[in-house]
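Hi,

Here's the structure I said I'd pass along. Have a look at it first, and my notes follow below.

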Amino acid sequence: MTPENQEASNTVRIYAAHGRSQELGEYLNTVVSNLQRLPGCQHSALSQDENDSDVWVISVQWKSCQAMSEHFAKPSNENLNGLLTNRFVRQVAFESDIERCSLPGTR
């Protein structure tokens, strides 16, 4: 199976600004609902970090590396790009399988 056809995942950790965690959680719930409707999205979930209630985690499982890459190429990224411009987010950390999906010599 080529990397483009392998399942892929990404995780976004979003740190709420002081006193804004509830607002952030409500906003992110909408984002996650929209992700589930995207082509190639097998599963998306929102959770709150068990050790820090100001940290929210979005986990997404994609049908393939190609589906994940196509999503990342979209300018809107289902409202995630707006996270840094609103006042209830202080930091966003992003992890994905994109490096594994695009390693040279694996195609």
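This is a predicted model: local features need pLDDT of at least 70, side-chain atom pairs count only at pLDDT 80 or more; totals for chains, interfaces and linings use all residues.

Starting with helix H2: Cys65, Ala67, Met68 and His71 are buried there, where buried means under 20% relative accessible area, exposed over 50% and partly exposed in between, with a 1.4 Å probe and protein chains only. They cover an arc of only 165° around the axis, so they sit on the same side of H2; the arc is taken from the directions from the helix axis to the C-beta atoms. Helices (H or I, at least four residues) and strands (E, at least two) are DSSP runs, numbered from the N terminus.

Residues are numbered from 1 along each chain as its sequence is written, and side-chain values use heavy atoms, with hydrogens and water left out.

What do the buried residues of H2 pack against? They pack against E1, H1, E3, E4 and helix H3 (98–101).

Met68 is worth a click. It lies in H2 (residues 65–73) and has a relative accessible area of 0%. Leaving aside neighbours within four places in sequence, Met68 is in contact (heavy atoms within 4.5 Å) with Ala8, Ser9, Asn10, Trp62, Ser96, Asp97, Ile98 and Cys101. Its C-alpha is 7.4 Å from that of Gly40, 28 residues away along the chain.

Then there's H1 (residues 21–35), whose buried residues include Leu24, Leu28 and Val32. The buried residues of H1 pack against strands E1 (8–16), E2 (41–48), E3 (55–62) and E4 (89–96), plus H2.

Cheers
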